[in-house]
Amino acid sequence: MAQWQAVFVGVLLIVLGGCGRSTPPVAPVLHRQPMLRVEPLPVVMQLPGLQQFAIGDWRRDGIAAPQAGTLLMGGGEEVPSAMRWFAERAGGGRLLILRASGGADLQDYFYEEIGGISAARTLVFDARSPSFDPEVAALIDRADAIFIAGGDQARYIRFWKDSPVQQLLTAHVQSGKPIGGTSAGLAILGGWAYGALDDGSIDSAAALADPLGQAVTLEQRFLQVPWLQHVLTDTHFGQRDRQGRLLAFVNKARNLSGEPVVGLGVDEDAALALEGDGRARLHRLDPAHVAWLIVPQLPAEQLQQGQHLRQGEVAVIGINAESELDLGTLDVHSPAFLYRARTDQGQWQLDQLK
C-alpha cells in the first residue's frame, strides 16, 4: 500500500504542477471567403473506386502559410470552436477531406458554416486502387489541411497501408501542415491504432479477457503524427465504456514494442486540439464530456495470450475545457479528475484520488 501511495502521490504532484507554460496567443479568425460553388476540377475523373466532391476554388492559394496542429475528435456532433481552430490552421487555403463512406456534408459544413478556407474537396475511397493514382497523390500534396472522416477505420487501413496515400499523409504532417480526424479518422492518428481488422469493434470485456488475442488488431505508426508516436488513440470513449479496452490495447502495444505507450481516449461531442508544440486543450459541446489519459505505472501482473488482464496502479487522468495536456511530458494542468485504476477477471475498477 505504501508503494502505491508513493507512486500515485508522485503522479498527482506532476498532474497538479502542470507544464508551467504560458497560454498561446489566440490565432486570428480568418474571414469567410464569398461562397463559390464549382464543379469538380478534372484532376481525378471517372476513377474506379473513388467518388469526389468539391466546393470553392481549389486554384486559390491561402492568405498565410499553414500552421502545424492536430484535431482529435471523439465522434458525434461537430464542435464549432474546434472546427474553427482547425480551419484557421489552413491559412485560408485548401482543405481536403478523406473518407471511406458518406458524401459532401463535411466539406460543405467547413466551407459554408465555419469558413476561413478557399476551397474544400472530398475523396471517398471504396477500393485500394485509387491510393496508387498519381492524381490522387497530387491532390493530397496540394492540400493545406487534411481531415479524415468517421466510419470504419479498417477500410482506411486496408485501402491506404503501404501505399502513396499513407506516405503522403505522413509527409503532410511532417511538413508542418494540420491534420484532423473524427471517430475512425481519429483512431488512426495515434502512433498506435486499433485497426478493427477483426471485422468488428471489440468491447472492453472481450479485450480485457484476452488482450494479446487475435481480435485485438493493432497498427503501429500507420501515420507518424508529431507528439502521438507513443500514444494509442480511441474514440466515443466514455459513452461506449471503452476505458477497459484502451488499457488492454496499451498493454498489447507495450508487449509488441517493448516501449512505453499511453492511451488517449476522447468522448463524443468533444475534440482535443493539439498545437504544434505538443500542448492540447479540449473543446466540447457537453460540459460532462472529457478526454482520458491512461498511463500504466507498472507492467501488468498477468499478460498472456488466452488469459485475462490483471493489472493495478494505472493512472487515469481527466482532461476538460479548463485543463491543458502536454504530450511531451504527460503533465496535465488543472485535471478534471485523477483515478487509480486496476483490472482483474475482466473487471475494470476505479478509485478516485482527486
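**Overall architecture and aromatic contacts**

The accessible surface of the protein chain comes to about 14,200 Å², of which carbon and sulfur atoms contribute 51% (Shrake-Rupley method, 1.4 Å probe). The model is a predicted one, in which local features need pLDDT of at least 70 and side-chain atom pairs count only at pLDDT 80 or more, while totals for chains, interfaces and linings use all residues. Residues are numbered from 1 along each chain as its sequence is written, and side-chain values use heavy atoms, with hydrogens and water left out.

Nine helices and 18 strands are present in the protein chain (DSSP runs of H or I, at least four residues, and of E, at least two, numbered from the N terminus). Of its 354 residues, 56% count as buried (under 20% relative accessible area, 1.4 Å probe, protein chains only). Among contacts (heavy atoms within 4.5 Å) between residues at least 6 apart in sequence, 75% join residues at least 24 apart.

Ten aromatic pairs were counted (ring centres of Phe, Tyr or the six-membered ring of Trp within 6.5 Å; planes under 30 degrees apart are stacked, over 60 edge-to-face, and the rest tilted). Phe 237 and Trp 292 form a tilted pair, at 5.7 Å centre to centre with 55° between the planes. This pair links distant parts of the chain, 55 residues apart: Phe 237 lies in the loop between β9 (231-234) and α9 (243-257), and Trp 292 in strand β13 (residues 291-296). Both Phe 237 and Trp 292 are buried. The ring centres of Phe 337 and Tyr 339 are 4.8 Å apart with planes at 45°, so this pair is also tilted; both Phe 337 and Tyr 339 are buried. One aromatic cluster is formed by Phe 86, Tyr 109, Phe 110 and Phe 147.

Notes:
Buried means under 20% relative accessible area, exposed over 50%, partly exposed in between (1.4 Å probe, protein chains only).
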